[in-house]
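Subject: Structure handover and notes

Hi there,

Here is the structure I promised to pass on.

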Amino acid sequence: MSQRTVISNVRVFDGVGLTPPTNVTFSDGRIVGVGNESAGGADTVVDGTGRFLFPGFIDSHVHLSGARHQLEHLANWGVTCALGMGEWFPDKVNALRGSAGLTEILSAGIPATTPGSLHSKMLPIDSRAFVTGPDDAPRFVRDRLAQGADYIKIVADAPGPSQATVDALVAAAHEQGKLVVTHAATHLPFSMALEANPRPDFITHVPRDKVLGEGETQKMAQAQQVSIPTLAMMASICSPLPWSAILRVLLHPSLLLTVLKGRRHFAGAETYVNAQDSVKQLHRAGVKILVGTDSNEEEDSPFTIPHGESLHREMELLVEAGIGIVDVLRGATVLPAECFGLRDRGVIEPGKKADLVLLKANPLDDIRATRQIERVWCGGVERTRG
């Protein structure tokens, strides 16, 4: 039998602000009503008096290994949908899709990189998945789609893929009707993503070696490219490396040589302020900004970012960078749903998935209130937070 749950007398985030106290009803994993109609006939009534109801948060940049506990951590922190931006073992990740009561997964699968790039030396990518040049782009896209990829991820390293290879990958993905996300963590790769023809739909990260100029951000806005800055990761990368990470590089001459080659392409000194100021410029230009963390559990990585909790840290960093609280909250709810074509989530409306987060305090007063989670529902199934 269908179970009807009503959250009564709760204020709802509608994408622009908070409604007056109202009722939200859901059944069979879907929202079936929003309004002040009676809660009578409900199997369960949750008193939302003094509480704040948000659509489940969407993290627009994670890395998943296929471990169930990663989804549990995400759900515990109110992240009901996670967009994987590089999964080295697609079969393991695919096996977790559709886990009832847990975070829903989308994934790019294996990202596109070339032999000799920094990521080819650092990450456990099967060399058979490398892109050898522009002519290899259609094969790479077909292979990823055969493995269940929802969109295509390109890693623009320096050294890494040529402009022609980036262009060919974007074109091949668009021909298959797939969105493209390009990794660009320094200025030269970011410029490649801006100059690509056709343009990638998203650029993840922001340059840490140079602040984006007004002309660059205007170009991104005019092309309707979307930014996923991952300030939490930028802060981590710009922090001093631990000795264990330095030793790892020193013990692998090929990796050390690639790191040194990469630094020759830097436009200036790498600092977190460069990344933060680039976000300010993007926001000023009207570029859509999504909340993504680059959360991962990469073995031996000095840049490990915890799943779930880091989304709240990312929102705090975006507010610190000068983005308004409502815009940041939109970047974790309605905007990623719209930009990635996730038509069944991101807002609290009849017919949408019952991905919901009940907060004890109002984040429009203080963004840190998103951490004060009382209850979480993933597809209408309440998550028992551990």
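First, the ground rules. This is a predicted model, in which local features need pLDDT of at least 70 and side-chain atom pairs count only at pLDDT 80 or more, while totals for chains, interfaces and linings use all residues. Residues are numbered from 1 along each chain as its sequence is written, and side-chain values use heavy atoms, with hydrogens and water left out.

**Helix packing**

Helices (H or I, at least four residues) and strands (E, at least two) are DSSP runs, numbered from the N terminus. Axes are lines fitted to C-alpha atoms, for helices over the stretch in contact, and angles run from 0 to 180 degrees between N-to-C directions.

Let me start with helix α4 (residues 137–146) and helix α5 (residues 163–175), whose axes come within 8 Å and cross at roughly 45 degrees. That makes α4 oblique to α5 (angles under 35 degrees count as roughly parallel, over 145 as roughly antiparallel, 65 to 115 as roughly perpendicular and the rest as oblique). Ala137, Pro138, Phe140 and Val141 in α4 meet Ala168, Leu169, Ala172 and Ala173 in α5, where contact means heavy atoms within 4.5 Å. By class, this contact of α4 with α5 has eight nonpolar, no polar and no charged residues (Ala, Val, Leu, Ile, Met, Phe, Trp, Tyr, Cys and Pro count as nonpolar, Asp, Glu, Lys and Arg as charged, and the others, Gly among them, as polar).

Helix α7 (residues 214–222) has two packing partners in these notes. With helix α11 (residues 272–285), α7 packs at an angle of about 50 degrees, the axes being 9 Å apart; α7 and α11 are therefore oblique to each other. Their crossing is right-handed. Glu214, Thr217, Gln218, Met220 and Ala221 in α7 meet Gln281, Leu282 and Ala285 in α11, a set of four nonpolar, three polar and one charged.

With helix α6 (residues 187–195), α7 packs at about 40 degrees, the axes 10 Å apart, which makes α6 oblique to α7. Here α6 passes α7 in a left-handed crossing. The contact is made by His187, Phe190, Ser191, Leu194 and Glu195 of α6 and Glu216, Lys219 and Met220 of α7. That contact of α6 with α7 has three nonpolar, two polar and three charged residues.

**Spaces**

On a 1 Å grid over the protein atoms alone, a cavity is a set of points where a 1.4 Å probe fits but cannot get out, and a pocket is an open set with protein on both sides within 12 Å along at least five of seven lines; lining residues have an atom within 4 Å of a point. Grid points are joined across faces, edges and corners, and a volume is the space filled by probe spheres set on the points.

The second largest pocket has a volume of about 160 Å³. Of its 14 lining residues, Val287, Lys288, Ile289, Asp327 and Leu335 are the closest to its centre.

**Backbone details**

The peptide bond from Ala158 to Pro159 is cis, with omega near 5 degrees, and Pro159 is found in the loop between β9 (152–155) and α5.

Best wishes

How values were computed:
A crossing is left-handed if the near helix is turned anticlockwise from the far one by less than a right angle, and right-handed if clockwise.
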